[in-house]
Amino acid sequence: ENIVKEEKNLEGNRKFVQFECYNIPGVTKEVMMPPKEDVLPNITIMASMKLDKVSDLYRSLIMGTSVAASILKDTTTEIIKDCKTPHEKAEAIYYYINRTIKHNSAKFEPSISTLAKKSGNKAILLKVMLDIAGLDATYVLVRPNTFAKMTVPYYGAFRTPLVKLNLQRNNVWLDVSNKYIKFGEISSSLTNGDALVFNTTNYEICKTPPLDLSANGAETSLVININRDINGKSDCLAEETYPGNLSGLFRLIFLEGIEKNLWGKYIEKGLAKSFGEPVLEKAEFPNIDNPEEPFCIKYKFKISDFLRQVSGQDNEFIFNPIPFRLKLSKKYIQKTQRKFPIRIKLEFAPLYLDQQFDINIPGNFIIKDRPQDITEKSKFGKYLVKFTFNKNTLKVKQHFELLPQEISTSDYPKFVDFCRRIDALEKKTISLQKKSPKAQVKNL
């Protein structure tokens, strides 16, 4: 709420307004809680206007940029010459623009200029080419979900361009802001956002598609071959796949020339957190140059401390069946109580994980206690672990989801309990017992 303290009319149709604000809602990142110093709130001052006026202003800027010049017609015809279906035409145009237009801009630049300079508003160019191809496309401006909630319309509220394509009565949203985003996907910051969709005659306000949480997570598989000789190192093969939005992000990072740096800091540091001091033998990125495939990292390493001997027991050992742990309390919890809410945003990690661990147990060991499956669900998210044992292989499937949300101060203790329960479950171990020499001979 605000109280106007003073208001004056100035020359040139200007006005001076002085006001005070109270009870300003604020959400600060968890790492800043509680604040160590006073924080100035982020206040946006804007002049509201009717949505009709906002739409007219944008439309007047766009219409002049969307002229279908002959060079645009010729280029589009060449792109779709071998396409048979509307879907094939739309995909061909989409990937052509993403490959050839090097730099994207939100400015309202003529489509012919964007094509000639290989730089400009890719969404406007996409809309024009789809029109030339005879497809039903509309230009869209989206308010990113990272912005504050829009209470009144104003010029500048909608700023990120997309194209909405009606393809066989299905809406397909196209995002050309990042060349690694696939056809039909949009950036996570644009999901579930307010969108202003308009053409030459009308406009509408709608929501962009909801967030696909799996597109912001990782899929991990890990094979651990426990050495028969406990004093020897165990061989490990790991593979991490980043589908959807993260695929483009990781591919971009590696292609920008810091592959070697990430190798050291990301892979080796990540392994060290789980296994002490592993020896990384090999890392490769098999499809780094193919944007149509999910980004993938494969690496091979050796570890020596996967099995730990039980004190006072020569033939009994324990290991953790979940090698890559989430450690939620360390990542999300600073205090057990809060004065402010916590907002779980897309930058937080992890939000979504699918992990599978195949732990190959040598024939001279037996499992003493079979682990129980884990099902932990709440309104905050879910954590599922399933154990199966096939011959000498323990298969562990782990699934985790944490929804982007705002957690109130009253719900925060429940969230703390949720994280701590998962942390405790991840620390549980499995016991192995070394077979006696007689039992080993009998098995042979």
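This is a predicted model: local features need pLDDT of at least 70, side-chain atom pairs count only at pLDDT 80 or more; totals for chains, interfaces and linings use all residues.
Residues are numbered from 1 along each chain as its sequence is written, and side-chain values use heavy atoms, with hydrogens and water left out.

Two packed helices are described by the angle between their axes and the distance between the axes. Helix α2 covers residues 70-79 and α5 covers residues 122-132. Their axes come within 9 Å and cross at roughly 70 degrees. Axes here are lines fitted to C-alpha atoms, for helices over the stretch in contact, and angles run from 0 to 180 degrees between N-to-C directions. Helices (H or I, at least four residues) and strands (E, at least two) are DSSP runs, numbered from the N terminus.

Which residues of α2 meet α5? They are Leu-72, Lys-73, Thr-75, Thr-76 and Ile-79. Leu-125, Val-128, Met-129 and Ile-132 face them from α5. Contact means heavy atoms within 4.5 Å. By class, this contact has six nonpolar, two polar and one charged residues. Ala, Val, Leu, Ile, Met, Phe, Trp, Tyr, Cys and Pro count as nonpolar, Asp, Glu, Lys and Arg as charged, and the others, Gly among them, as polar.

Helix α5 also packs on α3 (residues 86-100). The angle is about 150 degrees and the axes are 10 Å apart. The two helices are therefore roughly antiparallel to each other. From α3, Ala-90, Ile-93, Tyr-94, Tyr-96, Ile-97 and Asn-98 take part. From α5 come Lys-122, Leu-125, Leu-126, Met-129 and Leu-130. These residues divide into nine nonpolar, one polar and one charged.

Next, the sheet. Five strands form an open sheet in the order β7-β6-β5-β8-β9, with antiparallel pairing. Two strands pair if DSSP finds at least two bridges between them. The edge strands, β7 (170-174) and β9 (203-207), each pair on one side only. Neighbouring strands are turned by 30 degrees against each other on average, direction ignored. Five bridges join β8 (residues 194-198) to β9. Asp-194 stands opposite Lys-207 in β9.

Finally, confidence. The chain averages a pLDDT (the predictor's confidence in each residue, from 0 to 100) of 80, and 81% of the residues score at least 70. Over residues 27-39, pLDDT stays under 50.

Technical notes
Angles under 35 degrees count as roughly parallel, over 145 as roughly antiparallel, 65 to 115 as roughly perpendicular and the rest as oblique.
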